[in-house]
Amino acid sequence: MNRDRLIEKLKDIDVAGKTEQELYTEISKACMSEIMETPQKAPAKTVSYFSVEFLMGRMFFNNLMALGVLDEAREIFEEKGFDLNRFEDVEDAALGNGGLGRLAACYLDSAANLGYPMCGYGIRYQYGLFKQRFEDGRQIEEADDWLKVWGDPWSVRRANEKIDVVFKDMTVTAVPYDMPIYGKRVNTLRLFQAEGSPEAEKISEYLYPADDTEEGKLLRIRQEYFFSAAAVGQIVASYAKKYGANFDRFPEFHAFQLNDTHAVFAVAEFLRLLTQEYKLTFARAVDIAKRTFNYTNHTILPEALEWWDVKLVEKILPEIAHILTRLHLHAKREWDLSYPIEDTTEMSIVRGGRFSMANVAVYISGRVNGVAGIHTKILKERLFAAACKNDPYKFLNVTNGVTPRRWLMLCNRELADFYDESLGLQWRSDLEELWQIRCTNADNLSKFAAIKALKKRQLAEYIERKEGIKLLPDAIYISQVKRLHEYKRQLMTALAILYLYFDLKDGKLPDFTPMVFIFGAKAASGYKRAKAIIKFINDIAELVNGDEEVNARLQVVFVQNYGVSYAEKIIPGTDVSLQVSTAGFEASGTGNMKFMMNGAVTLGTLDGANIEIMEKAGGHSSYIFGAKVTEIEKIKASYDPGEFVAQDLKIKRVTDTLTDGTFDDEGGELKEIYASLFEQTYNSPDYYLVLYDLPKYLEALLRVNKEYQDEERFARKQLVNATRSAYFSSDRAIEEYAERIWKLGGSR
Ligand code: 26V
């Protein structure tokens with residue numbers, strides 16, 4: 001990359017008479033041409049990162065920053081009379097739905113920046129995660145036709161590298177689109193687009209098509225096999241071109257990472273190629289696979305674990321079904337020979353006529369990891385207990401991380417500038433340097449507080465523009481932004497807000513510091529209860545914001561279409577980060593890390609990476625509450641939410657609003673929520689202990705409210721969080737993967 005040459009190219013771009021889209025494409029292409037000319041050292045060993053989601057967000061600003069031309073480009077175009085901020089309307093590449101997909105994007109960024117060779121493989125969905133807006137407080141979904149207006153100048157179609165993927169009933173062409181990931185190395189994210197018949201093209205149409213029908217399930221299986229087989233096919237072919245059919249050395253040059261189980265068909269395809277095309281014995285092929293594959297688990301929720309009916313797989317992929325069945329027998333024989341006394345049913349690949357994709361992954365992987373300390377412990381003790389007993393060294397923890405480039409330098413340049421002025425530039429490549437910032441120094445504190453205040457004003461302006469709501473200027477900004485799920489307990493926050501609302505109306509909170517609650521979340525299309533919770537929160541927002549008696553002290557806003565770009569605004573402008581999942585359910589969380597990096601304090605439960613965040617920030621800089629994972633089983637044994645509420649009339653008053661006509665419930669949403677709390681539905685009543693933890697949650701919120709009054713002390717807590725966040729950089733996480741899992745040694 002030649003920076004001067006790029007600057008010249010940018011200067012040569014004429015803005016006159018061009019549409020925003022034309023300019024966007026032209027500037028992006030100028031950057032791309034420089035990126036593509038960067039010379040590459042041939043890697044010794046490459047990581048292939050298989051993921052069904054890559055939540056890249058907007059590439060424009062990130063890439064200009066990575067190329068070191070963002071500021072200058074702004075000036076160049078300013079002079080030409082064009083404000084680059086207009087590209088804030090460019091669609092996010094939202095080819096993912098949450099933490100798992102955003103993690104993949106952060107890891108690509110870190111690997112490139114650290115100089116590790118890593119190639120991401122996934123699907124180039126024509127439509128990303130649906131766009132969300134609210135109508136009468138309800139979520140409305142619209143197709144995310146992300147390519148339509150702005151195109152995709154950051155990817156290159158590689159038609160000459162297409163590959164056929166063969167199903168029993170059709171052959172589909174997988175055409176790669178390569179997105180360069182610029183850093184110390186230029187890595188690639190390769191997304192395959194399905195081409196051929198209209199049926200074939202459906203494969204890369206939507207992210208997570210509904211799988212409640214057989215047709216839907218078959219489509220999901222097709223998607224998974226499609227990108228896994230395309231990637232494996234290409235990698236294996238290019239190896240064979242160099243080394244012939246001697247695959248013994250394959251693991252020296254390749255490490256495969258399965259980002260959850262969606263790419264587990266890659267295992268079967270790998271075995272198929274090695275045995276059928278290159279004539280290895282099955283046992284040899286399995287041995288090589290075992291030295292190549294690794295698996296990261298991202299959730300213990302039973303409904304998210306993948307099981308595919310053997311019959312269904314046989315229908316469209318008979319050979320793959322056959323190989324998985326053979327692998328099942330192979331594994332069983334191996335266990336029988338090595339571990340004669342263990343009952344291995346739990347770790348079986350085929351169980352009850354279905355393939356357990358997680359068990360395939362665990363069996364074949366050299367390393368299996370969880371994504372936070374507590375999560376890995378749960379994997380070892382519960383989900384994969386039998387496998388762990390047989391092979392304890394296979395399991396390890398790598399706590400997640402987030403890229404400080406997007407989540408600090410890009411989204412909070414004021415804070416980054418402050419660090420530059422205080423420390424020089426070294427911290428930018430080694431976040432540990434931030435430890436040197438003195439958090440007790442009055443000057444530092446007032447500078448930090450001024451930055452936080454500025455980011456809050458910027459956020460308020462943004463929300464006003466997008467949602468038409470003016471946030472209270474002098475208030476504590478408290479955010480809960482993440483996918484909508486019962487275990488994440490947005491409902492508990494909603495009930496807490498109602499509680500505060502009634503107390504304020506009753507004059508019971510005389511010294512209350514104004515609080516603004518900001519929500520952002522999409523509910524999965526078919527997840528009725530999650531949608532009901534959105535409606536409920538919007539009802540509460542209407543009640544609270546419209547009530548003159550309280551609306552100068554309490555405010556609620558649920559932003560529409562939350563995604564990566566919205567997060568880049570909300571996170572820096574937040575004082576308090578809500579991470580209140582039921583202990584044991586949030587594998588890690590990564591939003592919590594982004595908030596910490598931007599100096600929000602965590603108010604949360606001892607779950608996922610919160611535990612490690614609190615350890616690093618120290619008890620004084622976090623607000624911890626709620627049932628611990630070790631207590632939950634015991635609590636549930638005797639817990640009766642009806643009885644619990646009857647003993648606390650103030651809580652009862654809050655839950656009564658779900659049925660007493662406080663809110664109109666024409667759509668039956670509130671009834672649905674009420675049932676989830678007090679009746680046996682698909683889960684036991686209040687399965688996620690929303691009511692049980694509510695009193696303690698309120699205490700913690702009121703503690704924050706009180707302590708915020710000492711502004712300097714609160715700013716100190718925030719600055720401590722920001723400057724102790726190095727551990728949660730994805731650079732640290734990738735170093736761990738490189739060393740402990742991929743064994744990249746001298747590969748960079
Ligand atoms: C499951 C399903 C099932 C229905 C269709 C949509 C859908 C989409 C994704 C999943 C699996 C979700 C797995 C996931 O995103 N886990 C998150 O991974 C993060 C990165 O490790 C972690 O921080 C979060 O705690 C974890 O929930």
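The legends below describe close-up views of a predicted model of one protein chain.

**View 1**
Taken along the principal axes, the box filled by the C-alpha atoms of the protein chain comes to roughly 80 × 70 × 50 Å.

**View 2. Helix H1 against helix H2.**
Helix H1, residues 3-12, and helix H2, residues 20-36, have axes that come within 10 Å and cross at roughly 160 degrees. With angles over 145 degrees counted as roughly antiparallel, this crossing makes H1 roughly antiparallel to H2, and H1 passes H2 in a right-handed crossing. From H1, the residues Arg-5, Leu-6, Lys-9 and Leu-10 meet Ile-27, Ala-30, Cys-31, Ser-33 and Glu-34 of H2. By class, the residues of the contact of H1 with H2 divide into five nonpolar, one polar and three charged.

**View 3. The hairpin of strands S5 and S6.**
Strand S5, residues 128-135, and strand S6, residues 138-144, run antiparallel and are joined by six bridges. Within this pairing, Lys-131 has Glu-142 in S6 as its bridge partner. The two strands form a hairpin with two residues between them, and Asp-136 in the turn has a positive phi of about 50 degrees.

**View 4. Helix H9 between two packing contacts, one with H7 and one with H12.**
The axes of helix H7, residues 214-243, and helix H9, residues 265-277, come within 8 Å and cross at roughly 45 degrees, which makes H7 oblique to H9. This crossing of H7 and H9 is right-handed. On the H7 side the contact is made by Ile-221, Glu-224, Tyr-225, Ser-228, Ala-229, Val-232, Gly-233 and Val-236, and on the H9 side by Phe-265, Ala-266, Glu-269, Phe-270, Arg-272, Leu-273 and Leu-274. Sorted by class, the contact of H7 with H9 has ten nonpolar, two polar and three charged residues.

H9 also packs against helix H12, residues 318-338, at an angle of about 95 degrees and with the axes 9 Å apart; H9 and H12 are therefore roughly perpendicular to each other. In this contact H9 contributes Phe-265, Val-267, Ala-268, Glu-269, Leu-271, Arg-272 and Gln-276, while H12 contributes Glu-319, Ile-320, Ile-323, Leu-324 and Leu-327. The residues of the contact of H9 with H12 divide into eight nonpolar, one polar and three charged.

**View 5. The three-stranded antiparallel sheet S13-S15-S14.**
Three strands form an open sheet in the order S13-S15-S14, with antiparallel pairing. The edge strands are S13, residues 307-309, and S14, residues 350-351, each of which pairs on one side only. Between S13 and strand S15, residues 354-356, the antiparallel pairing extends over three bridges, and Asp-309 has Arg-354 in S15 as its bridge partner. Helix H13, residues 357-364, lies across S13 and S15, running at about 45 degrees to S15.

**View 6. The six-stranded parallel sheet and the helices H20 and H28.**
Six strands form an open sheet in the order S20-S19-S18-S21-S22-S23, and the pairing is parallel. Strand S20 (554-559) and strand S23 (622-624) stand at the edges, each with a single partner strand, so one side of each is left without a neighbour in the sheet. With direction ignored, neighbouring strands of this sheet are turned by 20 degrees against each other on average. Strand S18, residues 476-481, pairs with strand S21, residues 576-579, in the parallel sense over two bridges, and here Ile-478 stands opposite Val-576 in S21.

Helix H20, residues 528-545, lies across strand S19 (515-520) and S20, and runs at about 145 degrees to S20. Helix H28, residues 690-707, lies across S18, S19, S21, strand S22 (601-604) and S23, and runs at about 155 degrees to S23.

Methods. Residues numbered from 1 in each chain as written. Predicted model: local features only at pLDDT ≥ 70, side-chain atom pairs only at ≥ 80, totals over all residues. Heavy atoms only, no water. Axes fitted to C-alpha atoms, helices over the stretch in contact; angles between N-to-C directions. Helix = DSSP H or I, 4+ residues; strand = E, 2+ residues; numbered from the N terminus. Parallel < 35°, antiparallel > 145°, perpendicular 65-115°, else oblique. Left-handed = near helix turned anticlockwise from the far one by under 90°. Contact = heavy atoms within 4.5 Å. Nonpolar A, V, L, I, M, F, W, Y, C, P; charged D, E, K, R; others polar. Pairing = 2+ DSSP bridges.
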